[in-house]
Amino acid sequence: MTTHKSHCLILPYPAQGHINPMLQFSKRLQSKGVKITIATTKSFLKTMQELPNLVSIEAISDGYDDGGRGQAGSFVAYITRFKEVGSDTLAQLIKKLANCGCPVTCIVYDPFLPWAVEVAKNFGLVTAAFFTQNCAVDNIYYHVHKGVIKLPPTKVEEIIVPGFSTIETLSRIESSDVPSFVVSPEAERILEMLVNQFSNLDKVDWVLINSFYELEKEVIDWMAKIYPIKTIGPTIPSMYLDKRLPDDKEYGLSLFKPMAYECLNWLNQQPINSVVYVSFGSLAKLEADQMEELAWGLKNSNKNFLWVVRSTEESKLPKNFVEELKLTRENKGLVVSWCPQLQVLEHKSIGCFLTHCGWNSTLEAISLGVPMLTMPQWTDQPTNAKLVKDVWEMGVRAKQDEKGIVRREVIEECIKLVMEEEKGKVIRENAKKLKQLARNAVDEGGSSDKNIQEFVSKLVTISQVGN
């Protein structure tokens with residue numbers, strides 16, 4: 001006999017930025033007595049440097065067990081095959097878990113994989129869609145799905161997004177503020193997948209959003225009239241927020257091996273609020289000329305900087321840049337291949353986060369109260385950067401030139417603004433306020449905590465009826 005109240009099968013899209021938020025949500029559910037099984041692809045599991053030991057993990061197939069998305073050749077081939085093989089192997093897993101005496105109650109799935117709803121319904125299971133992006137971005141994709149907005153915009157124009165009208169700084173947004181997609185067949189397919197997240201959302205029982213109510217209440221209230229939306233974030237380890245889950249210090253899942261000792265040892269030698277931390281996440285690729293501008297912008301700012309440059313991107317750095325850094329007596333800069341980002345953002349020496357503004361990184365900066373300098377690249381990042389600068393006012397955005405490059409002078413100027421000027425003080429104050437709101441949301445009785453508790457209570461009721 002199981003002692004668990006219910007059993008949730010979690011199905012993320014196989015990418016670190018999607019799995020980590022769902023993994024953190026799983027830990028919250030588990031702390032409230034729900035059994036968790038995370039189902040991810042064999043190909044993804046093969047790439048992991050480390051795996052979480054706090055939850056059960058099972059493998060399904062995307063049809064490309066040796067190389068995943070890379071093996072497929074094109075995105076459309078990958079998604080098409082994943083739907084076919086994934087549906088079949090997910091069904092097999094549900095049967096296997098039932099035969100083991102631990103039947104699944106609910107499937108929490110990433111809307112990138114909408115076919116999971118049909119699999120769940122075939123077994124009579126309830127479903128929850130888990131959106132890893134914020135509600136504002138989801139709102140834009142919803143209106144693309146409805147044909148109200150066209151992406152990418154055909155020209156530089158102001159765009160009116162329903163649901164944003166009550167927020168003065170969002171009531172009219174520019175084309176540079178909406179999710180961007182280069183005009184290519186591959187990008188069109190990715191956009192199609194993002195829009196298709198809403199294709200069968202009317203069939204699900206819950207819509208969970210990786211955000212918190214106090215951060216986006218106007219947009220959430222608007223979207224909640226259409227779907228049964230519940231915010232459950234920020235989904236970062238508890239020890240950086242409410243500290244109610246003492247074992248939850250890390251995500252526990254990583255594609256890259258962090259240079260933790262080198263990063264933290266170097267940061268310990270730097271003055272308080274003196275360091276610019278620079279990272280573009282696990283996927284973004286900068287062009288060589290942008291890397292050069294960034295390198296000189298950082299160096300010319302005369303600020304200490306910790307810069308994450310993945311090993312696959314190192315060749316784009318200016319010649320001898322790293323070697324010359326090592327020779328300087330001031331110990332001004334450190335370039336690493338990967339770092340423990342939460343530990344870095346929490347460090348007292350960090351004064352600013354230069355980021356691509358992916359949602360996970362943005363939520364981490366909000367949760368730890370770190371001002372941001374944003375250089376968005378594509379998809380949801382321009383919208384996140386707009387929110388950071390104009391709605392939450394806890395950062396600035398570095399403007400691109402007509403060639404799409406942020407020049408060194410602009411980077412230098414933005415760093416100075418955040419770390420030295422009067423505007424920077426206001427940004428830091430706003431960052432502190434949002435940090436407190438984020439913690440309150442997941443703490444006992446907070447908006448996200450209440451939503452998670454309500455979700456668990458309904459699962460328990462369903463399980464009891466099923467038994």
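Helices here are DSSP runs of H or I of at least four residues, numbered from the N terminus, and the model you have open is a predicted one.

Begin by selecting residues 359-368, which form helix α13, and within that helix pick out Ser361. Is Ser361 buried or exposed? With a relative accessibility of 8%, Ser361 counts as buried, because the cut-off for buried is under 20% relative accessible area. If you then display its surroundings, leaving aside residues up to four places away in sequence, you will find Ser361 touching Gln341, Phe353, Thr355 and His356.

Next, select the cysteines, starting with Cys263 and Cys339. Cys263 is buried, at a relative accessible area of 0%, and the closest cysteine sulfur to its own is that of Cys339, at 4.7 Å. That separation is too far for a bond, because a disulfide requires a pair of cysteine sulfur atoms within 2.5 Å. Move on to Cys414, which is in no disulfide either, the nearest cysteine sulfur being that of Cys352, 8.9 Å away. Cys414 also counts as buried, at 9% relative accessibility. How many disulfides does this rule give? The count comes to 0.

Finally, select helix α7, residues 185-195, and colour its buried residues, which are Ala187, Ile190, Leu191, Met193, Leu194 and Val195. As you look along the helix, recall that an α-helix has 3.6 residues a turn, so residues three or four places apart point the same way.

Note on methods: Residues are numbered from 1 along each chain as its sequence is written. This is a predicted model: local features need pLDDT of at least 70, side-chain atom pairs count only at pLDDT 80 or more; totals for chains, interfaces and linings use all residues. Side-chain values use heavy atoms; hydrogens and water are left out. Helices (H or I, at least four residues) and strands (E, at least two) are DSSP runs, numbered from the N terminus. Buried means under 20% relative accessible area, exposed over 50%, partly exposed in between (1.4 Å probe, protein chains only). Contact means heavy atoms within 4.5 Å.
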